[in-house]
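Here are my notes on the model you sent over. Have it open while you read.

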Amino acid sequence: KYRGVSLADIVAGCEESKTHHFERTCFLLLVGRLPDYKEEKAFSQYMAKHREVPQEIIDNIIIGIPSKDIMNKLQTSISALYAFDDDADSLDPAETFFKSIRLIAKLPSIVALSYLTTYKPKAEIVKPTEKMSQAEAFLHILSSGKNSSAFDAYIVDLALVLHCEHGGGNNSTFTTYVVSSSGSDLYSSLAAAVASLKGPLHGAANKKVMDMMADIKQNVSQWENVDEIKDYLTKLVKKESGDKSGKLYGLGHAVYTKSDPRAIAIKSIAKRIADQNNRSKEYNLYNLIAEVGPSVFQNVKNSQKVISPNVDFYSGFVYDCLAIPKEIFTPIFAMARATGWCAHRIEDMLSGKRIIRPGYKYVDPK
């Protein structure tokens with residue numbers, strides 16, 4: 001649930017003819033209720049007006065820093081935005097609300113520009129119009145102005161909605177709380193959260209799924225053969241193949257032990273886009289792995305633990321069908337989750353200041 005509203009209901013309300021569902025969801029998370037028509041329009045317009053990234057950040061960080069890691073560029077760019085805020089250290093919750101919108105609005109531009117200038121330096125740099133939604137603006141910049149279909153924008157919009165927030169606790173949100181509790185500024189808090197999400201045990205899971213699937217496709221000759229799939233998954237769990245981690249990436253979640261509502265929402269989209277791109281055979285392979293993977297895991301581990309596909313299992317495949325490069329899979333996650341980070345930060349401000357300080361105990365037996 002987002003602010004008490006079922007995610008299933010939010011997804012059910014995401015119409016294909018519209019692509020501002022992310023903005024609507026941002027309002028819900030930051031304010032605490034769904035907006036009316038006028039509020040949603042004003043919110044979307046305010047966000048669209050603040051997408052532009054300062055040229056100094058583009059020149060000196062996005063282009064100037066030689067790192068090929070887009071999360072690194074995103075983290076550094078967010079931190080640098082502090083210098084362009086006349087009242088960056090303000091801890092006023094209302095002011096933080098507007099700062100949050102302005103910061104979230106810039107993330108698609110930072111991510112898309114970071115990818116283009118790093119991996120496609122000859123690509124044309126274009127600016128989105130203020131009539132475009134956050135999803136449309138992202139695709140517009142990333143494709144150098146080529147017309148993306150309404151369905152493509154809908155998929156990205158839906159993906160952003162699904163990744164906006166996550167209950168049950170997660171590392172990057174906790175990082176936001178910890179940094180915010182010290183009285184530090186919004187930009188430092190979110191830069192720290194990006195650093196957390198960058199870790200392979202947190203935000204990079206969909207890329208890990210894609211790497212695992214590439215390995216499976218290379219080593220399994222008959223994708224529809226259940227026994228052959230089971231045999232290879234057994235090798236993966238036994239750490240005999242793949243990256244030898246013993247993990248079936250995309251299956252299982254610390255909170256969603258029986259089913260992940262986000263995975264359910266994106267699965268039907270995955271089928272449609274697979275059919276459109278003549279990748280139905282590959283989609284069926286995903287489903288077969290999702291079907292037999294849990295029992296293989298239980299048999300090898302001699303465990304009764306229930307695992308099921310999580311949102312990362314299908315999201316990487318969906319992005320790949322949209323020709324979105326895997327270098328920005330995790331940055332897309334950050335583009336969305338920044339909303340949840342900001343909402344938690346505002347809540348922390350309203351709850352009263354108290355620093356989060358863990359207790360450490362020296363355990364030397366002497």
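The points below go from the overall fold to a few local spots.

1. Ground rules: this is a predicted model, where local features need pLDDT of at least 70, side-chain atom pairs count only at pLDDT 80 or more, and totals for chains, interfaces and linings use all residues. Residues are numbered from 1 along each chain as its sequence is written, and side-chain values use heavy atoms, with hydrogens and water left out.

2. Overall fold: the protein chain has 16 helices and 0 strands (DSSP runs numbered from the N terminus: H or I of at least four residues for helices, E of at least two for strands). Its radius of gyration, 21 Å, is close to the 21 Å from the globule rule for 366 residues, so the chain is as compact as a globular protein of that length (taken over C-alpha atoms; the rule is 2.2 Å times the number of residues to the power 0.38).

3. Of the 366 residues, 52% are buried (under 20% relative accessible area; exposed is over 50%, partly exposed in between, with a 1.4 Å probe and protein chains only).

4. Asp89: look in the loop between α5 (70-80) and α6 (93-119) for this one. Asp89 counts as partly exposed because its relative accessibility is 49%.

5. Asn299: this residue sits in helix α14 (residues 280-301). With a relative accessible area of 65%, Asn299 is exposed.
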